[in-house]
Amino acid sequence: MSKFFAMDGYGVYLWPSFALGIGVIVLNVILALRSLAAAKLEARRRLEMRS
Amino acid sequence: MNWTWFHRLGSPPHVYGFAERWAPWIGGVAALAIVVALYGGLVLAPEDYQQKDAFRMVYVHAPSAWLSLMAYSTMAVAAAVGLIWRMKVAHSAAAACAPIGAWFTVAALGTGMLWGKPMWGTYWVWDPRLTSELLLLFLYIGYMGLRAAIEDPQKADKASAVFAIVGVVNVPIIKFSVNWWNSLHQEATVMRMGKPTMNGDMLWPLLLMFVGFSLYFAAVVLIRLRAELLRRERSASWVREAVA
Amino acid sequence: MKASAVAVARLVVARDLRLAFRKPSQLLQPLLFFMIVATLFPLTLTPELSRLRDAAPGVLWIGALLSSLLALEFLFRDDAQDGTLEQFALSGQSLTWMLFAKTCTHWLLSGLPLALSAPVAALALGVPAEAMGSMVASLALGGFALSLLGAISAGLTLGARRGGVLLSLLTLPLSVPVLVFGADATQRAIAGAAIAPPMYMLGALAVLGVTLAPLAAAAAVRIGLE
């Protein structure tokens with residue numbers, strides 16, 4: 001198991017690298033969903049103001 | 001040839017409905033593909049003769065770079081469609097691509113630096129591929145900055161579309177820089193004429209990652225696209241139903 | 001009334017030249033800026049001429065780029081503000097051609113003077129006299145390409161808030177190839193090597209700029225005027 005994490009000594013580069021990739025993947029999903037929620041809220045407010 | 005499908009693409013409520021229905025499914029398949037590919041690349045694939053386990057970084061670096069280029073190309077095509085056919089939906093799609101593409105350019109540069117340090121001995125070189133990828137990031141930021149700086153949404157759409165199209169010349173430069181110039185960065189092992197130069201056991205997780213990342217991109221663009229459509233269609237009636 | 005292209009160009013160029021010489025300070029500012037930038041490097045880096053010579057290509061070209069960004073402010077701004085640009089667009093003549101004429105005049109007033117006065121700064125940076133001719137040529141050609149590229153971003157940022165910063169942000173990525181080849185040409189000139197390869201690339205970039213930039217700039221200006 002520790003051999004897996006060590007990755008022939010390259011682990012110190014490899015794992016942060018994957019963390020960055022996965023981090024960006026997750027971050028973009030979160031940001032996109034937040035953007036959608038904000039847009040829905042804005043639209044609701046606009047509709048309320050009109051009626 | 002029946003062009004109804006194309007005209008339907010120009011209808012915001014139709015596209016919104018499509019995006020709402022399909023994004024979760026596409027995202028689900030993408031997640032599955034990425035997880036399986038990760039297992040294949042990190043656990044199953046044998047280590048490389050020269051780079052040992054370090055080569056496994058290809059499974060996050062290459063798809064990120066691929067996505068950074070795909071996002072810009074999609075953005076430029078959507079921008080062109082928006083300008084030529086005056087489709088607001090196309091402009092919205094272009095806007096949706098930008099932040100995703102920018103982030104994955106950062107990911108490509110970052111993972112590349114982490115791979116470069118053990119392999120080349122340095123985090124960075126000013127060679128054509130790395131430099132043009134960095135320029136891609138500046139182009140994304142410029143695009144988003146231009147959009148943010150123009151008040152009128154239609155002018156913002158069109159101006160940023162022109163900029164995106166002007167900048168698309170950078171994409172082939174990035175892609176072919178390793179062929180055109182002496183570059184520290186290695187040449188393409190997958191996307192080239194002839195067969196890929198990678199071993200089968202190492203290749204399938206990479207290809208699956210590309211598929212996963214591409215589907216992921218589609219799913220996230222669809223989410224952002226919905227947000228963009230809502231923001232633009234201020235008074236349309238379909239919005240009422242959509243946000244109820 | 002469809003005037004000939006030459007007549008249109010002549011009118012646009014003459015007008016721009018006349019207006020520019022009414023405000024000579026506007027012409028001198030980018031030049032002075034270039035000189036100051038070029039002087040700052042020896043002051044902050046090192047007074048040793050041999051080491052300055054190594055940095056000279058970069059210093060000269062970055063100075064030229066920044067100076068060009070400063071000069072781009074006056075390419076369209078005044079005409080946009082007083083409605084002339086609108087008249088150009090409505091005139092029925094080719095806006096692309098008129099903007100191309102404006103850009104050429106702009107280069108005559110900013111890029112070319114910069115290239116011609118660069119030897120002064122270059123001497124201070126330890127550039128040998130034999131390299132001056134090639135350096136001026138590369139700066140002139142590169143400056144022309146930069147003016148063309150800058151016209152695109154100037155057109156795009158016409159209606160934008162804080163347009164100046166945005167203008168720089170948009171122009172910089174596009175101008176990197178010009179910088180790379182221009183600095184290479186200057187580097188080779190200093191080393192005494194042949195400058196033909198990078199000059200050809202600069203020429204190619206300029207040709208690309210001439211064919212595509214005015215089109216993009218005209219599209220940008222029309223968008224801004226809507």
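A residue is called buried if 20 or more other C-beta atoms lie within 10 Å of its own, exposed if 12 or fewer do, and partly exposed in between, with the C-beta atoms placed from the backbone. By this definition, buried residues make up 49% of the 226 residues in chain C, and 25% of the 51 residues in chain A. The structure is a predicted model, in which local features need pLDDT of at least 70 and side-chain atom pairs count only at pLDDT 80 or more, whereas totals for chains, interfaces and linings use all residues. Residues are numbered from 1 along each chain as its sequence is written, while chains are lettered from A and ligands numbered from 1 in the order in which they are written.

Chain C has nine helices and zero strands, where helices (H or I, at least four residues) and strands (E, at least two) are DSSP runs numbered from the N terminus. The radius of gyration of chain C, taken over C-alpha atoms, is 18 Å, close to the 17 Å that the globule rule (2.2 Å times the number of residues to the power 0.38) gives for 226 residues, so chain C is as compact as a globular protein of that length. Along the principal axes, the C-alpha atoms of chain C fill a box of roughly 60 × 35 × 30 Å. Two residues are in contact if their C-beta atoms, placed from the backbone, lie within 7 Å, and of the contacts in chain C with a separation of 6 or more, 80% are between residues 24 or more positions apart.

Chain A, by comparison, has two helices and zero strands.

Of the two pairs of chains in contact, chains A and B share the most contacts. This contact takes 27 residues from chain A and 33 residues from chain B, and the chain A side divides into 18 nonpolar, four polar and five charged residues; here Ala, Val, Leu, Ile, Met, Phe, Trp, Tyr, Cys and Pro count as nonpolar, Asp, Glu, Lys and Arg as charged, and the others, Gly among them, as polar. The contact between chains B and C takes 19 residues from chain C and 16 residues from chain B, and the largest share of the chain C side, seven residues, comes from H8(C). No contact joins chain A and chain C, whose closest C-alpha atoms lie 24 Å apart.

In chain B, the mean pLDDT (the predictor's confidence in each residue, from 0 to 100) is 88, and 94% of the residues reach 70 or more. Helix H6 (residues 153-167) of chain B reaches 21 Å from its first C-alpha to its last, close to the 21 Å expected at 1.5 Å a residue, the expected span being 1.5 Å times one less than the number of residues. Eleven of the 15 residues of H6(B) are buried, so this helix is largely enclosed by the rest of the structure; among the buried residues are B:Asp157, B:Lys158 and B:Phe163.

Two loop residues of chain B remain to be described. B:Lys52, in the loop between helix H2 (12-44) and H3 of chain B, has a positive phi of about 55 degrees although it is not a glycine, and with 14 C-beta neighbours inside 10 Å it counts as partly exposed. B:Arg86, in the loop between H3 and helix H4 (88-120) of chain B, has a positive phi of about 50 degrees, again without being a glycine, and is partly exposed, with 13 other C-beta atoms within 10 Å.
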